[in-house]
Amino acid sequence: MPSRRMSDRPGGAPTMAEITFLEAIREGLAEEMERDPNVFCLGEDIGAFGGAFKATEGLQARFGEQRVIDTPISEAAIVGAAAGAAHYGMRPVCEMQFIDFVSCAYDMLTNYVATARYRAFLPCPIVVRGPSGGYVRGGPFHSQNPEAAFLHTPGLKIAYPATAEDAKGMIKAAIRDDDPVLFFEHKYLYRRIKGTMPPGDHIVPLGIARVAREGKDLSIITYAATVWKALEAADQLEREDGLSVEVLDLRSLLPLDDEAIVATVKKTNRVLVVHEDTVTGGIGGEITARINELCFEWLDAPVRRVAAHDVPLPYAPPLEDFVLPQASDIVRASRWLAAY
Amino acid sequence: MTVPTTSNAMAPPAGLARPQLLELYRWMRLTRTLEERLVALYRQTKVTGGLFRSLGQEACAVGSAYALERRDVLSPLIRNLGSMLVKGAEPIEILRQYMAKGDSPTRGRELNIHFGDVVDRNFVGQISHLGDMVPVMAGVTLTFRMRGEDRVGLVYVGDGATSTGAFHEGINFAAVQRCPMVVVIENNGYAYSTPTNRQTAAARLVDKAIGYGVPGVRADGNDVLEVYRVTKDAVEHARTGGGVTLLELMTYRRKGHAEHDSQSYVPPGELEHWAATNDPIDRYVTRLTAEFGVDAGELTAIDDEVRATVDAATDVAEASPPCDGPDALRGVYANPAEMPVLWYRGEASRAVAAHERPAGWGTHDG
C-alpha cells in the first residue's frame, strides 16, 4: 500500500479505509497536533524529510517548522529540551531515529525525566517514540528492544503496541498522558500490519492488555511483533495438535496489566511468556515473578520463556533468525508445556 | 588559578539605584549568614545530608540572578543558594530542605537547594548529573520562543560540567534554535578536587562560545556589579531575539566540595590568599562605602536584620514536622497518584495467601 500524505485527510478525520501501522502512528500524531497547539514534534530528520521511516511525513508542511523541529544529532538534548518544554506546559513528542539511540538519552530519561514529578513536583508529560525491534536484518544497532532497560525506572511508562488500531489509539493516549511515556514502534510491523481505524477520537488507554486470541489450554503472554508470531503458532497448534491457545497482548509494559495476566493464568493454568528482547533480564522474568506471587496455585506447569538468546543481535539472516524467537520455537515450547 | 582582573571604579550600572545597590548587598549577606547557620546546624547533626557552601562565590550567584525578571527562569547549581534567594526562595525553605522536614518544598524527596517552582518564582531544580540542566533550559526557552513570550532562561554550570556531553548538546541545540538562554559558567577553580587545568586544555572556558557560534563574555565573578552588568547585557540580548550567550565568571571556591572535604589537594596559602584579598562581600563593602557613599551603619543594620531573619526561620524550621514514611509512595506518577505498598508491609497478596485453589492443586481440571 503506498504511503499516504496526511494532507490527503483534511482535519485528521478518521478514515474507514485500511491503513498501515506506520500511517496509524502518523494519523495519531496529526490528530493530536491538530487538537492541542501545545503538542509538537522534535527529532532528527523528521521535518522536511519526514523521518527515516516517514512517520512524520507531511507534518512539517502542515504544522510548520516551529512544531516539527529538525534537531542536531543530540538525543540527550532532544529529551532534555522536551522535559524543559513540558515543565512549561508543552506536550513534546521526541523521535529517536532508531530506538537503539535512546541509550544516548538514558541519563536524561532515568535521572531527570523520570524523577521530575516526584523530586520537584515538575510536570513532565513527554513522549519518546521510535522504531524498535529486529527481524529486519538491521544488525546490532538498528534492531534493539531496550524496553527492559527502562522497566525498573519508576516514573516512566512504556507502551509497545502490536496492531495498527492500538498504534494510533495508544500514541494519542501517550500524548495526552500526564506522565512521560516511552513509545516503542516495531519497525517489522510498520508496513506489514494494517488495520481499520475506529471512527471518532480513537483512544486506547495505557496499562490495559488485550486478549488477541481466546483459548483454554495454554496462554502465551507477549507483546509487539511476537504477538503475530504467537498467533501464527497458535493457529498451527490448533490445526496440528487440537490445542486451544490464548494469546495475551500486553500492549503496555509499564504499568503491567496484572489483572489480565492473572485472568489468563486462571483460565488456562499453563503459561508461555514470549518476547523478542534477550532472555536474561527481559520482562519475561518480571511476568514470571508476578505470576508466582499472584496466582502460583493456579499453575499446572512451570512458566516458561521463549525469548532472544543472550547475544547482541547479529546482521546475517541465518544468525538473526537463529538468535530471535520464531513461530516454530513457540510451537515447540507450547507442545512441551501442554504435555507437562 | 587565573587571577581575575580588578574592576575599574565605575558609576553604578545603568538602571541600578541606591536601594538596589543595598539590596545586592543584602542578598549576598543573607546567603553567607544562612550558610553559616547551616554549618552550625550541620555540626549539631541537624542537617540530614551533606552541606554545600558558596563562600566566596556569592557575587556570582546574586549578581547574575539579579539581572533576571520574576517571569524569567533560572536553574541553579549547588553553589547558587544566592541565586535562589534572589529569585524568591525563602530561608525557611532552604532550612527545611537541609533538615529533610515533612513540610520542606520537596517533602523530603530531595536534598538541599534541589527544588523547583515553575508556577510563580520560576526556578527549575537541578539534578546531580552535571550539565543536564543545559538541555532542559534549552527546552524551557524554546517554549518561550515558540510562544512569543518575552522571557529568558539562565542556567548555571561549573567549570567541571563543561566537560559533559549534556552541556555540549544543550548549548549547541539552543544556539541552533536561537533560544533566549544565558549559560553561566562559574569557574571556581575546582570540580570536587580536580583543578580546571585537569578538566580542559582550553586556555579559557569562554573560548568554547566560538565553537557554538554564540557570543562569549568573561568577567570578574567576585565583582557583583560586574557580574550584574554582563549578565544583564546577555539577558537583554536573549530577550530581544539575539539567542544564547555564554558567560564565564571567574571566582574561587573557598570551601571544599562539601563540608566533609578537607581540601588537602589545595596548594598551601591559596585559600588564605583569596580570603584576604578577594572576598566578594569585602570588595563590595569597600566600593559601597568608598564610591557610592553608603554609611557603615547602614550595612550593619542590614546585617542585623538578616541575622534576625535567619534566626526566626531557624526556629520555625526546627519545629517543623519530620516526613511521614508512607508519603514516599506518593507522586511518582500523575496517574496512579500512589504506588502500592509491598505485601510484606501489609495486606496479604491475593490468591497465594488466600489459598484460592487448594482443591485443584496439581491437576488441570480440579
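In this predicted model, the C-alpha centres of domain 1 and domain 2 of chain A lie 26 Å apart. The domain assignment places domain 1 at residues 17-196 and domain 2 at residues 210-339. Where the two domains of chain A meet, 25 residues of domain 1 and 23 residues of domain 2 take part in the contact. On the side of domain 1 that touches domain 2, the elements giving two or more residues are the helices α6 (147-151), α7 (164-176) and α8 (187-190), together with the strands β6 (157-159) and β7 (181-186), of chain A. Sorted by class, that side of domain 1 of chain A holds 14 nonpolar, seven polar and four charged residues.

Let me turn to chain A as a whole. Its secondary structure comprises 13 helices and 14 strands. The C-alpha atoms of chain A fill a box of roughly 60 × 45 × 40 Å along the principal axes. How does the radius of gyration of chain A stand against that of a compact globule? For 340 residues a compact globule would have a radius of gyration near 20 Å, and chain A agrees, because its own value is 20 Å. Of the 340 residues in chain A, 59% are buried. Among the contacts in chain A with a separation of 6 or more, 79% are accounted for by residues 24 or more positions apart.

I take one residue of chain A as an example, Thr264(A), which is found in helix α10 (residues 258-268). Is Thr264(A) buried or exposed? Thr264(A) counts as buried, because it has 24 C-beta neighbours inside 10 Å, and the threshold for that class is 20 or more. Leaving out residues up to four places away in sequence, Thr264(A) touches Ser219(A), Ile221(A), Glu246(A) and Leu248(A). Asp201(A), by contrast, is 63 residues from Thr264(A) in sequence and 30 Å from it in space, C-alpha to C-alpha.

Next, chain B. This chain has 12 helices and seven strands, and along its principal axes its C-alpha trace spans about 95 × 50 × 40 Å. Of its 366 residues, 48% are buried. Taking contacts in chain B between residues at least 6 apart in sequence, 75% join residues at least 24 apart.

Six of the six residues of β7(B) are buried. Which residues cover each face of this strand? Thr245(B), Leu247(B) and Leu249(B) lie on one side, Leu246(B), Glu248(B) and Met250(B) lie on the other, and all are buried. Strand β3 of chain B, residues 181-187, runs parallel to β7(B) and is joined to it by six bridges; within this pairing, Glu248(B) is the bridge partner of Ile185(B). Strand β6 of chain B, residues 216-220, also runs parallel to β7(B), with five bridges between them. Here Val217(B) stands opposite Leu247(B).

Leu225(B) lies in helix α8 (residues 224-239). Leu225(B) counts as buried because 25 C-beta neighbours are found inside 10 Å. Tyr284(B) is 59 residues away from Leu225(B) in sequence, yet the two are 8.5 Å apart in space, C-alpha to C-alpha.

I now come to the contact between the chains. Chain B contributes 42 residues and chain A contributes 36 residues. On the side of chain B that touches chain A, α5 (133-147), α6 (165-176) and α12 (350-354) each supply at least two residues. Which element gives the most to that side? It is α5(B), with nine residues. By class, this side of chain B has 20 nonpolar, 15 polar and seven charged residues.

Finally, the nonpolar core. The largest one has 203 residues, and those with the most contacts inside it are Val79(A) and Val183(B). Helix α3 of chain A, residues 75-87, provides the largest share of this core, nine residues. Where does the core lie relative to the domains of chain A? Domain 1 and domain 2 of chain A both give residues to the core, so it lies between them. Setting aside neighbours within four places in sequence, Val79(A) is in contact with Cys94(A), Ala105(A), Met108(A), Leu109(A), Val113(A) and Val128(A).

Terms used:
Residues numbered from 1 in each chain as written. Chains lettered and ligands numbered in written order. Predicted model: local features only at pLDDT ≥ 70, side-chain atom pairs only at ≥ 80, totals over all residues. Helix = DSSP H or I, 4+ residues; strand = E, 2+ residues; numbered from the N terminus. Rg over C-alpha atoms; globule rule 2.2 N^0.38 Å. Buried ≥ 20, exposed ≤ 12 C-beta atoms within 10 Å, placed from the backbone. Contact = placed C-beta atoms within 7 Å. Nonpolar A, V, L, I, M, F, W, Y, C, P; charged D, E, K, R; others polar. Core = buried A, V, L, I, M, F, W, Y, C linked by C-beta atoms within 7 Å. Domains from an automatic or database assignment. Pairing = 2+ DSSP bridges.
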